[in-house]
Amino acid sequence: MLSQLSPADYARLLPDLEPIPLVFNSVIYKWNAPIDYVYFPESGVLSMLAVIGEDTRVEVGLTGREGFAGMPVFLGVAKSSNQIIVQAEGAAMRIRAEPALAEFRRGGAFHDAILGFTHDLFLQVSQTTSCNRYHPVEERLARWLLMMHDRVASDTMQLTQGFLSWMLGVRNQAVSLAAINLQNAGLIEYSRGNIQILDEPGLEAACCSCYGIPKPAASALLP
């Protein structure tokens, strides 16, 4: 996302930017905790989880290098209303919230990129909510795998059954059955902790229509 900036815009941010690894399953923001940094993934995927009660998490959105984490800062909110975790390992640039907000208030390319992705993420969240309500687990799993595949540089993903139940908002048994059905169809290879996509066109044919609806303005940044 930072690549959209002009050299002059990027130069203003550069002294405050620092590289950071994105470690699988690590927590970027805790629920209701202060947002100290804004994260811009260069690779990997961040997952936005809604917190329901003490033990339940459901994914409502994800982002790779087309976006960022820390949107509430630019909306005047200092705390995260979701939990953000690393869904796929990679690397990111991060910047403290104060200089990021100062650059946003200047207007220009950074401001426009932030607003553009904010719109895209709201669209993704609304579509994911509808999808989770109306479509079968197998179709939702196919859609989610394709969305992940769009954001990583590999056909193989490190995904536990428990993680997938969070992502889809269903019990482990439902995730296992859906994954086995996709495997039996020759679309994926499913083993404990890993999923490999074998037939991307076939997986797209098997998923629900929601996969094609949220077309982000920043889609050119995806692999």
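A: Gladly! Contact here means heavy atoms within 4.5 Å. Please keep in mind that this is a predicted model.

Q: With that in hand, which residues is leucine 49 in contact with, leaving aside its neighbours within four places in sequence?
A: Leucine 49, which sits in strand E3, is in contact with Arg57, Val58, Glu59, Asn82, Gln83, Ile85, Trp166 and Met167.

Q: Why is leucine 49 called buried?
A: Buried means under 20% relative accessible area. Leucine 49 has a value of 0%, so it is buried.

Q: How far apart are leucine 49 and threonine 128, in sequence and in space?
A: They are 79 residues apart in sequence, and their C-alpha atoms are 12 Å apart in space. Threonine 128 is one of the buried residues of helix H4.

Q: What covers the buried residues of H4?
A: The cover includes helix H1 (7–13), strand E3 (37–52), strand E4 (56–63), helix H2 (71–74), helix H3 (97–105) and H5. Among the residues buried in H4 are Phe110, Ile114, Phe117 and Leu121.

Q: How do you know that the span of helix H5 agrees with its number of residues?
A: The expected span is 1.5 Å times one less than the number of residues. For the 15 residues of H5 (residues 137–151) that gives 21 Å, and the end C-alpha atoms are 21 Å apart, so the two agree. Helix H4 (residues 109–134) can be checked in this way too: it has 26 residues and reaches 38 Å, close to the 38 Å expected.

Q: What makes H5 mostly covered?
A: Of its 15 residues, 13 are buried. Arginine 151 lies in this helix, and with a relative accessible area of 9% it falls under the 20% cut-off, so it is buried.

Q: Which backbone oxygen does the side chain of arginine 151 reach?
A: It reaches the backbone oxygen of methionine 147, at 2.9 Å.

Q: Why is asparagine 25 called partly exposed?
A: Partly exposed lies between the buried limit of 20% and the exposed limit of 50%. Asparagine 25 has a relative accessible area of 40%, so it is partly exposed. Asparagine 32, at 42%, therefore counts as partly exposed too.

Conventions
Residues numbered from 1 in each chain as written. Predicted model: local features only at pLDDT ≥ 70, side-chain atom pairs only at ≥ 80, totals over all residues. Heavy atoms only, no water. Helix = DSSP H or I, 4+ residues; strand = E, 2+ residues; numbered from the N terminus. Buried < 20%, exposed > 50% of the residue type's maximum accessible area, 1.4 Å probe, protein only. Polar contact = N/O pair within 3.5 Å; in protein donor to acceptor, adjacent residues only side chain to side chain.
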